[in-house]
Amino acid sequence: MEGFSERNPNFYVFNAVMHLDEATSHLHIDYIPVGHFDRGLDTRNAMAKALEEMGYGKGANAINRWRLAEWEVLHQICIAHGIEISEPKKSRGYSYTVEEYGKHQDEIRRLNEEKEQALSERDEARAELDKAAKKKIKLDEIESIEAKESMFGKKVTLTKEDYDKLSDTAKKYVAMVKTNKKLRSEHDTAVQERDKLKEQLSAVSSELAAYKKAEKEKALFTREKLNKEAKRISREDELSRKLKKAEAFISACGLNSDYQQFRYNSTTRKNVLE
């Protein structure tokens with residue numbers, strides 16, 4: 001916390017609270033991002049401008065670059081104190097644009113709706129099959145019908161009751177055959193739609209996995225750049241310390257005026273040095 005404001009001069013911290021109620025003690029830092037502008041109000045609450053002024057660039061990934069930089073600082077602090085810190089969670093390692101996130105969510109929502117429709121049709125088909133199963137033909141009733149030979153050739157005679165029973169059974173049989181044929185067709189269509197949805201969901205999952213992999217590689221590349229930048233700053237700090245020591249030595253030897261003349265008078269620098 002002592003170094004947070006120094007590292008982030010555009011973040012005005014107005015509240016910082018330590019929490020000890022979880023497995024890992026952690027600090028909640030509340031701040032206002034401050035940006036400076038040439039037009040309108042010269043000082044405003046602006047995250048994008050604040051990140052840009054602090055050297056994290058522009059665009060949607062600026063916040064990720066800042067987060068990785070802060071994570072690296074925390075990592076170094078923990079190493080100095082012998083504390084092991086885990087890698088950032090994947091949920092914190094990726095940042096989709098609004099357009100990308102919306103596109104994937106719309107596609108997943110559409111596929112889920114189609115899947116629900118296929119499941120609904122499957123359930124309806126099952127209900128129809130159950131309904132048809134209850135309308136079994138009563139063969140024993142048909143076998144009990146007594147037919148008598150007629151005096152008119154090979155024709156037979158039935159009672160009105162038996163004729164109605166046989167006619168009703170025949171109609172039910174024909175209706176059941178048609179229903180079964182229709183249900184088989186609907187079932188086959190539902191299975192095909194289900195398989196198609198599985199392929200589409202698999203394709204979307206593969207696309208998301210590839211996107212996440214690319215984002216992870218991009219984050220690793222950004223961390224390498226941050227490490228190089230940290231090393232460069234460290235070298236510059238070392239050179240700055242050496243320069244200050246040299247200036248102190250020159251001053252202690254009483255050569256300050258000669259050094260200033262050599263440093264600023266470029267036209268006579270070579271002759272003076274000789």
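Student: How many aromatic pairs does the structure hold?
Tutor: The model is predicted, so local features need pLDDT of at least 70, side-chain atom pairs count only at pLDDT 80 or more, and totals for chains, interfaces and linings use all residues. Residues are numbered from 1 along each chain as its sequence is written, and side-chain values use heavy atoms, with hydrogens and water left out. Rings of Phe, Tyr and Trp (its six-membered ring) pair if their centres lie within 6.5 Å; planes under 30 degrees apart count as stacked, over 60 as edge-to-face and the rest as tilted. The number of aromatic pairs is 5.

Student: Is the pair of F11 and Y31 stacked or edge-to-face?
Tutor: The ring centres of F11 and Y31 are 4.3 Å apart. F11 is in strand β1 (residues 11–19) and Y31 in strand β2 (residues 26–36), so the pair links distant parts of the chain, 20 residues apart; strands (E, at least two residues) and helices (H or I, at least four) are DSSP runs, numbered from the N terminus. The planes are at 15°, so the pair is stacked.

Student: Which is buried and which is partly exposed, F11 or Y31?
Tutor: Buried means under 20% relative accessible area, exposed over 50%, partly exposed in between (1.4 Å probe, protein chains only). F11 is at 3% relative accessibility, so F11 is buried. Y31 has 23%, so Y31 is partly exposed.

Student: What kind of pair do F11 and W66 form?
Tutor: Their ring centres are 5.4 Å apart. F11 in strand β1 and W66 in helix α3 (residues 62–80) are 55 residues apart. The planes are at 75°, so the pair is edge-to-face.

Student: Is W66 buried or exposed?
Tutor: W66 has a relative accessible area of 11%. W66 is therefore buried.

Student: Which residues do ring pairs link into a cluster with F11?
Tutor: F11 pairs with Y31. F11 also pairs with W66. The residues linked with F11 into the cluster are F4, Y31 and W66.

Student: Which residue lies over the face of F37?
Tutor: A charge sits over a ring if NZ of Lys or CZ of Arg is within 6 Å of the ring centre and within 35 degrees of the ring normal. At 4.1 Å from the ring centre of F37 lies R44.

Student: How many disulfides does the structure hold?
Tutor: A disulfide is a pair of cysteine sulfur atoms within 2.5 Å. C78 is buried at 12% relative accessible area, and C253 is partly exposed at 41%. The number of disulfides is 0.
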